[in-house]
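Subject: Structure for you to look at

Dear colleague,

I am passing on the structure we talked about, together with some notes on what turned up when I went through it.

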Amino acid sequence: MTPILTACDVSIGYDRPVLEHVSFEVQRGEIVTLLGGSGSGKSTMLRVLAGLLPPLSGEVCLFGESLYELPPEARAQLLQRIGFAFQQDALFSSMTIEDNVGLPLRELTKLPDSIVAEMVRMRLAVVGLEGLGRRMPSQLSGGQRKRAALARASILDPELIFADEPTAGLDPVVAAGIDETLVQFRDVLGMTVLVVSHELESIRATADRAVMFANKTIVATGTLDDLEQSQNKAVFQFFHARDA
Amino acid sequence: MRTPAPGTSIERKGRQAIVHVRGDVVVGTARKLHSTLRALQRRRELKQVVVDLEQAGRIDSAGVAVVQLAKRNLARSGRQLELAGLDDKHRAAFDLAPEYVKPKRESRPETFLERVGGLVIGLGVSMRELGSLVLETLRQSLNVITRRAKLPAGSIGSHIISMGADAVFIVGLLSFLLGMTTAFQGIVQLQKFGAGVFAGDMVGMSMVREFGPMMTAIVLTGRTGAAIAAELGTMRVGSEIDALTAMGVSPVRFLVVPRMAALTFIEPALTLMSMFIGIAGGMLVAALVLDMGPATFWARVVGRVGLWDFVHGIGKSFVFAWIIGLAGTHLGLRASGDASSVGTATTRAVVVSIFFIIVVDAVFATIVTLS
């Protein structure tokens, strides 16, 4: 089966490479977590894979198409099949939560307003924000804003969702709710989810597979069990730093 | 098995309509099913609508929303919508649809009187905060002058450069053009009475008492007042002001006093420059149109414009500086919540500054005329 997303010999970074010549695949219907310490390049990798930042070299294939080889219009069309939940939620502060979540539907589809409103209501309920649609982003807590961002990222039922640190800085109960939502996206809506995280609890609750970055490269890939038993120093430290 | 092309067909059985759905019901195709169900909702004789999904392919949130909306609309008139022929994937999609909970009634809209009251209370709060800011600025300035506190190193100098030195060209150019325009307009009228020689008196008085201070204040409002409001507003939204407070550093001393001090220096300096450049513009026009030599023109200016006129113009410029600084800092610090509040603070800072500059100018003119 063709992978939904492939990174082939990709080097990424801004002024200088943070990851060099890395390759991995994401299969349809799985939740894959990108792991690594601070500054290891996992968030930058997510931006590269989502078409927001060209790689320094190498090829990114999304839905079988070479993402950065496509002309801008074709790339924009392809990116409509993905959703991106940013670390800082990136909600439009001058719009209500309903308007934020419904924005992709209003801009990219010809659905009537009544259907858009119903879809927004349903998706807000899925992420646990039913009844809060009329509020402004500034009136929500950090966890609620992250859930609203997930609702917006998923409103078009994208085939692939990128989530950058969706549970960072949240209390365990709220974080567990977001983990549950991601699993629901995979199980019920058939979405593929690519998450950047370093929250071990969340990773254990959601990830089918993980790819770990350190020292500018991939140091481990596989299931969580594989990684937890890895003898690689960086991987061992990541999983067992608190055991000592 | 290939999914058939999207479409619907309707089968009638007495007071029941069965909608056979074919193909995917997703964002791009859900409108078809929506139109079909809406048409059936208008048929009053129907008691039940069955949506048969046996030949349906993928159903996404749009498809679920279409069915849920129709179900709710039919239920309102005591009719039913049933689903049939669902497979496991369809069931999973519909399981995501939550029970409809009627939204709570919106709170009663404000009456006109309540709105006016709210505005008056808001204005009162804003005035009180402005008063506190003025007092705190004076107190912190006194602390700095008496060396009990210090300003961030180099802050006044950097503000003088960014607010003042960078504005020299635009203030100079506009003043020169304004002086030229005033001279042109004046000479045309004065020549009708054979009084063209008074052009120097007119340009000198208008540049020193009105146009110099006013032109500089308006340019600084647009350039500096707006920038102060936007900068402090962004700092407020980004919790930088709270960070200063939490560190025990006075935001007024750290942010407001250096800006006010820089403006207090810049505005009169630029006003003085504007007066002389404006007069030079008038001098050029007088030389070209009236063939009046610069020395003659300058003698007319000096003969008419006295020290008191300079005091009047420069005195006003100090007040204008404080208006621009206080409007920018006060409204910037009051911004809260989101990016749009920064835009609002910036716009208000410009509007409020220009309004009060004109009001103060009118008050000055009245006092001087009456005295």
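In chain B, the side chains of B:R300 and B:D201 meet in a salt bridge, with 2.9 Å from N to O. This pair links distant parts of the chain, since B:R300 lies in helix 10 (residues 294-304) of chain B and B:D201 in helix 7 (residues 199-237) of chain B, 99 residues apart. B:R300 is partly exposed, at a relative accessible area of 27%, whereas B:D201, at 8%, counts as buried. Please keep in mind throughout that this is a predicted model.

A salt bridge also joins the side chains of B:E129 and B:R334, at 2.7 Å from N to O. Because B:E129 lies in helix 4 (residues 112-145) of chain B and B:R334 in helix 11 (residues 307-334) of chain B, this pair ties together parts that are 205 residues apart in sequence. B:E129 is partly exposed, with a relative accessibility of 35%, and B:R334 is partly exposed as well, with a relative accessible area of 36%.

The side chains of B:R43 and B:E45 form another salt bridge, at 3.2 Å from N to O; here B:R43 is partly exposed at 38% relative accessible area, and B:E45 is partly exposed at 33%. Beyond these pairs, A:E118, A:R121, A:E130 and B:R72 are linked in a network of salt bridges. Over all chains, a search of the whole structure finds 25 salt bridges.

Turning to the sheets, chain B has an open sheet of 4 strands in the order 1-2-3-4, with mixed pairing. Its edge strands are strand 1 (7-13) and strand 4 (80-84) of chain B, each of which pairs on one side only, and neighbouring strands of this sheet are turned against each other by 20° on average, with direction ignored. Strand 3 (residues 48-59) of chain B runs parallel to strand 4 of chain B and is joined to it by 5 bridges; within strand 4 of chain B, B:L83 is the bridge partner of B:V51. Helix 1 (residues 30-41) of chain B lies across strand 1, strand 2 (16-25), strand 3 and strand 4 of chain B, and runs at about 170° to strand 2 of chain B. Helix 3 (residues 88-95) of chain B lies across strand 3 and strand 4 of chain B, running at about 110° to strand 3 of chain B.

Chain A has an open sheet of 4 strands in the order 2-1-4-5, and its pairing is antiparallel. The edge strands there are strand 2 (17-26) and strand 5 (65-66) of chain A, each pairing on one side only. Strand 4 (residues 57-62) of chain A pairs with strand 5 of chain A in the antiparallel sense over 2 bridges, and A:L62 stands opposite A:E65 in strand 5 of chain A. Helix 1 (residues 42-49) of chain A packs on this sheet, where it touches strand 1 (5-13), strand 2 and strand 4 of chain A, and its direction makes about 125° with that of strand 1 of chain A.

As for the nonpolar cores, the largest has 48 residues, and those with the most contacts inside it are A:L105, A:L111, A:M119, B:V21, B:L33, B:L37 and B:L53. Among the elements that each supply at least two residues of this core are helix 4 (113-126) of chain A and helix 2 (61-76) of chain B, and the largest share, 8 residues, comes from helix 2 of chain B. Leaving aside neighbours within four places in sequence, A:M119 is in contact with A:L105, A:L111, A:I155, B:V27, B:S61, B:A62 and B:A65. A second, separate core of 33 residues includes B:L244, B:V257, B:I323 and B:L333.

B:F254 lies in helix 9 (residues 251-289) of chain B and is partly exposed, with a relative accessible area of 34%. Not counting residues up to four places away in sequence, B:F254 touches B:P152, B:L244 and B:V249.

On confidence, chain A averages a pLDDT of 89, and 99% of its residues score at least 70.

With best wishes

Note on methods
Residues numbered from 1 in each chain as written. Chains lettered and ligands numbered in written order. Predicted model: local features only at pLDDT ≥ 70, side-chain atom pairs only at ≥ 80, totals over all residues. Heavy atoms only, no water. Salt bridge = Lys/Arg side-chain N within 4 Å of Asp/Glu carboxyl O. Buried < 20%, exposed > 50% of the residue type's maximum accessible area, 1.4 Å probe, protein only. Pairing = 2+ DSSP bridges. Axes fitted to C-alpha atoms, helices over the stretch in contact; angles between N-to-C directions. Contact = heavy atoms within 4.5 Å. pLDDT = per-residue confidence, 0-100. Core = buried A, V, L, I, M, F, W, Y, C linked by side-chain atoms within 4.5 Å.
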